[in-house]
Amino acid sequence: MRIEELRRRLRALGAKPGHEHRFLSAWAQRRSLDKRHSRAEDYLPLALRDALPGLLGELAGLARLKSEHPGADGSARLLVELADGQMVESVLLPRDGLCVSSQVGCAVACRFCMTGQAGLLRQLGSAEIVAQVVLGRALRPVRKVVFMGMGEPAHNLDNVLEAIDLLGSEGGLAHKNLVFSTVGDRRVFERLPLGRVKPALALSLHTTDADLRARLLPKAPRIEPAELVELAETYARATGYPIQYQWTLLEGVNDSDREVANIARLLKGKYAMMNFIPYNSVDGLDFRRPSPARVEALARALQRQGVLTKLRDSAGQDVEGGCGQLRARAVTLRRQ
Ligand code: SF4
């Protein structure tokens, strides 16, 4: 279900803009819906009140908790079942964050990612994306939402932007606390500046070598890393939020001194931060994370060359490793 469709249905049930806003805020923020306001003209229309139980039941069925897997770092991976039985993963992050999925599967086919191995199964509707936040809020407060779960948000742009619009308005989230994560796509740089809610941007770079990037991220748009950085920098300056570059560290692949020198050349003086994320091993995929000493050395070297650098672990890495593994295991079990 798309949020636009939900808005149309509310209007067809007699909702005025104020009613629509109250209904969507109550849903997205898990507040109880005041059906009777102090002023008679603020009462929800009778047709809408009559339809409420069915509508709320339908929304609750968009994303149901199949299982929860707490990690040692305070995160929790959630296996989420959609209304048609498909499954995606969301991750509750330490400090009130939530990572949501935007697609079932993913077409980018990154060589090191479990989600990418199955290809794209279907898009998530914008209401299904918001429903993951509603589900997360049933378990913990959620003050930050990152679009870094299963899927490439740029490949489901209309739905993701609709969800961002609702979360940053009726959903009560600060715009800078919504993080759109992408491998880089011209449509993202064209559309994000136009929205009334402008999210922060995370860009998965992974290498400064265009040929290597084409091999690691085979279906990502062919945009030279230097051009990607320029496009992202324009957005960062326009919004006032630094770009968070994501770099999955793969031993012997993208952890060389030459890469560090190239990152420094690209990002020095930019409104940016580099997040180094040591790889989580995935059964059947032939990549490894560099040693802790090498990871530390890379981060220190980049920091010394003037680029703000953070070391990050993907949340809940002690729970079925990286993105897509919980779902993959659940699907396998269901087939057995
Ligand atoms: Fe898709 Fe992200 Fe996995 Fe790449 S890393 S295949 S973009 S889900």
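Biologist: Why is the crossing of H10 and H11 called right-handed?

Modeller: The crossing of H10 and H11 is right-handed because the term applies when the near helix is turned clockwise from the far one by less than a right angle, anticlockwise being left-handed. This is a predicted model, in which local features need pLDDT of at least 70 and side-chain atom pairs count only at pLDDT 80 or more, while totals for chains, interfaces and linings use all residues. Residues are numbered from 1 along each chain as its sequence is written.

Biologist: What makes H10 and H11 roughly parallel to each other?

Modeller: Helix H10 (residues 257–267) and helix H11 (residues 292–304) pack at about 30°, with their axes 9 Å apart. Angles, from 0 to 180 degrees, are taken between the N-to-C directions of lines fitted to C-alpha atoms over the stretch in contact. Under 35 degrees is roughly parallel, over 145 roughly antiparallel, 65 to 115 roughly perpendicular and the rest oblique; H10 and H11 are therefore roughly parallel.

Biologist: Which residues make that contact, and how are they classed?

Modeller: Val 260, Ile 263 and Ala 264 of H10 meet Leu 298, Ala 301 and Leu 302 of H11, contact being C-beta atoms, placed from the backbone, within 7 Å. By class, six are nonpolar, with no polar and no charged residues. Nonpolar covers Ala, Val, Leu, Ile, Met, Phe, Trp, Tyr, Cys and Pro; charged covers Asp, Glu, Lys and Arg; the others, Gly among them, are polar.

Biologist: Why is H1 called oblique to H2?

Modeller: The axes of helix H1 (residues 3–12) and helix H2 (residues 17–28) come within 10 Å and cross at roughly 130°. That value makes H1 oblique to H2. Arg 7, Leu 10 and Arg 11 of H1 are in contact with His 19, Glu 20 and Phe 23 of H2. By class, this contact has two nonpolar, one polar and three charged residues.

Biologist: How do you know which elements of domain 1 touch domain 2?

Modeller: The protein is divided into domain 1 (1–61) and domain 2 (63–319), with bounds from an automatic or database domain assignment. In contact are 14 residues of domain 1 and 19 residues of domain 2. H1 and H2 are the elements giving two or more residues to that side of domain 1, and H2 supplies the largest share, five residues. The residues of that side divide into seven nonpolar, four polar and three charged.

How values were computed. Helix = DSSP H or I, 4+ residues; strand = E, 2+ residues; numbered from the N terminus. Contact = placed C-beta atoms within 7 Å.
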